[in-house]
Amino acid sequence: MEETFAVKLEKKRYLPDPRCRAAARVPDYPRAYREFMRDPEGFWDRVARELVWFKPWDQVREWNYPYAKWFVNGQLNITASCLDRHAAGDRKDKPAIIWRGEGGEEERVFTYDGLRREVMRFANGLKLLGVGKGDRVCIYMPLVPEQVVAMLACARIGAVHSVVFGGFGPDALATRINDAAAKVLITADVAYRRGKTVPLREIALEALARTPCVERVVVLRREHPKVDLDPDREVDYADLMAAAAPSSPAEAMDAEDPLFILYTSGSTGAPKGIVHTCGGYAVGAYYTTKCVFDIKESDVYWCTADPGWITGHSYVVYGPLAVGTTVVIVEGAPDHPDPGACWRQVRDLGVTVFYTAPTAIRMFMRYGDRWPAKYDLSTLRVLGSVGEPLNPEAFEWYYHRIGGGRCPIVDTWWQTETGMHMATTMIGEAMKPGFVGKAVPGAVVDVVDRTGRPVPPGTGGFLVVREPWPAMLRGVHGNDERYRAYWNTIPGCYTAGDLAVKDEDGYIMVLGRADDLIVVAGHNIGTAEVESALVSHDAVAEAAVIGKPDPLKGNAIKAFVTLRAGVIPDDGLSGELARHVKKSLGPVAVPAEIEYVDRLPKTRSGKIMRRVLRARELGMDPGDISTLEE
Ligand code: PRX
């Protein structure tokens with residue numbers, strides 16, 4: 001997208017129940033925002049004081065464009081805020097995690113005290129394997145409590161975790177392990193999904209053939225009889241726990257030490273290892289969980305994301321546990337064994353705050369009103385959405401059919417890079433379907449043109465953040481140039497890579513990506529990774545992939561492929577290519593459609609012009625094509 005452009009805006013708005021506003025943690029958003037703007041450092045200083053620190057900071061923020069430090073010289077361990085302080089106080093016996101297997105038959109509950117003990121033991125287990133402060137540990141696990149325990153155990157001893165979503169294939173896993181140079185991999189024999197087993201360990205072993213950095217592998221064995229392990233390299237999760245000492249003090253970490261690396265798709269080349277640090281990230285995730293979701297002591301909170309994504313890091317693990325709420329975790333598909341499965345869990349567990357993705361909402365919408373209508377959902381009081389635009393139809397359905405016209409919807413815009421919510425409609429403010437809302441207190445979000453000037457209402461532009469914020473990425477692992485690119489594309493701004501528009505009231509609507517990323521079912525997919533998987537097939541000469549609007553998934557992947565000389569496309573080839581991509585990258589990256597073409601449109605310098613393919617596909621004007629080859 002070259003320039004700014006006009007957008008027609010919806011006018012509909014919903015006024016929240018005044019009672020929610022009065023009771024909210026931030027009862028007066030405009031005032032809270034003004035207070036933040038008047039003294040940003042004072043604002044974050046007050047928030048940070050609500051967490052446990054081993055040593056206070058000398059300075060709230062040090063901004064050396066584009067490098068920021070937060071809570072300079074402060075020392076903490078995020079697990080002291082997430083576990084120890086609750087376990088030592090009134091929340092000792094409060095459920096921290098209620099885990100349910102797919103379908104809800106199996107349940108495991110960990111109190112704050114119980115979770116702390118699990119984490120400490122596993123932290124010692126990691127030490128037995130030689131893991132120490134600063135070492136990278138890759139976690140490739142299903143959505144089970146042990147996944148959360150593994151993350152927190154790394155944090156406990158200062159090891160840096162890199163969680164890879166269990167839906168990724170061996171190539172995607174190997175790339176990420178090698179980039180982070182992970183020393184230990186934690187996995188499980190299987191994940192359960194739609195009544196079937198996904199052989200995680202087998203996939204991991206395939207990846208491990210290409211990852212010389214990995215010394216040891218911890219395997220959680222769930223199946224009976226138990227799968228055999230290779231004693232030279234693998235160790236059973238339970239055996240490791242049994243061998244480990246029970247108590248483990250929380251390592252004192254500098255606020256700017258890395259807490260984790262999480263990979264996100266880049267618009268070109270390999271995925272980017274986004275680095276988040278111990279101090280600022282903790283403060284940002286804590287504040288937004290508490291205030292955007294308005295968490296109260298009695299809440300039962302369910303975020304359906306997997307910790308393999310940033311949403312799971314900030315809003316399944318670190319934020320909610322720092323706040324001390326009860327977190328529901330459910331493994332498997334939310335519509336299995338039937339389309340009411342998700343709503344049955346809400347009823348049975350008395351869920352009060354529910355956070356999911358538009359793709360899931362649209363899927364439930366398709367199944368029809370009768371499924372949620374079967375269950376009493378009256379415990380719900382706050383609904384959240386994340387990952388892609390929540391279109392007005394889906395908003396309406398979510399608001400009326402799930403929220404009973406009673407619950408505010410917080411449509412939260414943010415990214416792996418931002419670490420925390422950046423824009424939403426805070427509880428108590430008028431909601432506008434299709435709009436995420438305004439910047440959260442603590443963030444300065446704007447829509448601008450290429451020079452960084454704000455665009456007028458109704459004109460589309462680039463979504464940016466103007467000031468550093470505590471949970472911002474501190475780097476791209478091993479690639480400073482890619483980090484700097486976030487800050488030097490538009491002068492003075494962090495460029496998010498999204499297109500957006502504001503209305504007269506300053507509400508932001510996110511229109512989609514401005515670059516070569518495709519958001520499929522809320523997952524960020526890089527065109528480059530899919531293309532290189534396609535090209536790795538013998539039949540393929542070149543490939544270009546684009547996103548195509550899809551009623552359910554937001555976007556679907558369409559691939560344009562040129563074949564090697566002599567290869568004739570037949571019915572079987574598309575299926576084979578799809579399987580090839582699935583095997584390499586996992587099901588999330590599989591093209592929904594493959595079209596065979598003789599040539600791909602390219603610039604004279606040889607770059608594929610996906611924009612031209614996309615315009616042709618959607619019957620739109622391709623824009624400036626002066627650089628096109630012919
Ligand atoms: O395009 C935006 C979209 O998801 C991108 C970030 O993806 P990721 O780093 O994987 O994190 C997803 C979960 C935070 C953004 O650049 N996106 C995220 N939230 C929204 C959204 N688009 C519209 N509305 C949202 N609420």
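Start by selecting Arg513, which touches Gln415, Ala496, Gly497, Asp498, Leu499 and Val519 once residues up to four places away in sequence are set aside, a contact being a pair of heavy atoms within 4.5 Å. The model on screen is predicted, so local features are given only at pLDDT of at least 70 and side-chain atom pairs only at pLDDT 80 or more, while totals for chains, interfaces and linings use all residues. Residues are numbered from 1 along each chain as its sequence is written, and side-chain values use heavy atoms, with hydrogens and water left out.

**Around Arg513**

Arg513 belongs to strand β28 (residues 508-513); helices (H or I, at least four residues) and strands (E, at least two) are DSSP runs numbered from the N terminus. Show its side chain, and it can be followed to the backbone oxygen of Gly497 at 3.5 Å and to the side chain of Asp515, with which it makes a polar contact at 2.6 Å. A polar contact here is a pair of N or O atoms within 3.5 Å; within protein, one must be able to donate a hydrogen and the other to accept it, and residues adjacent in sequence count only if both atoms are side-chain atoms.

**Salt bridges between parts of the chain**

Next, select Asp446 and Lys502, whose side chains meet in a salt bridge (3.0 Å, N to O), the term meaning a side-chain nitrogen of Lys or Arg within 4 Å of a carboxyl oxygen of Asp or Glu. The pair links strand β24 (residues 445-448), which holds Asp446, with strand β27 (residues 494-502), which holds Lys502, across 56 residues. Asp446 counts as buried at 10% relative accessibility, and Lys502 is buried with a relative accessible area of 19%; buried means under 20% relative accessible area, exposed over 50% and partly exposed in between (1.4 Å probe, protein chains only).

Move on to Glu146 and Arg108, where another salt bridge has its N and O atoms at 2.7 Å. Glu146 lies in helix α6 (residues 145-157) and Arg108 in strand β6 (residues 107-111), so this pair ties together parts that are 38 residues apart in sequence. Glu146 is buried at 9% relative accessibility, whereas Arg108 is partly exposed at 28%.

To see a network of salt bridges, select Lys548, Lys558, Glu593, Glu595, Arg616 and Glu617 together. The whole structure contains 49 salt bridges.

**Helix α15**

Now select residues 392-402, helix α15, which is largely enclosed by the rest of the structure because eight of its eleven residues are buried. Those buried residues are Pro392, Ala394, Phe395, Glu396, Trp397, Tyr398, Tyr399 and Ile402. Colouring their partners separately brings out α12 (341-349), β19 (353-356), α13 (358-367), α14 (370-373), β20 (382-386) and β21 (409-412), against which they pack. Just after the helix, look at Gly404, which takes a positive phi of about 60°.

**The nonpolar cores**

Which residues touch the most other members of the largest nonpolar core? Of its 124 residues, they are Trp44, Phe71, Leu115, Phe122, Ile186 and Tyr318, a nonpolar core being a set of buried Ala, Val, Leu, Ile, Met, Phe, Trp, Tyr and Cys residues joined through side-chain atoms within 4.5 Å. Centre the view on Ile186 and, leaving aside neighbours within four places in sequence, display its contacts, among them Phe122, Leu126, Val137, Met141 and Val218. Finish at a second, separate core of 43 residues, which includes Phe168, Leu173, Ala182 and Val530.
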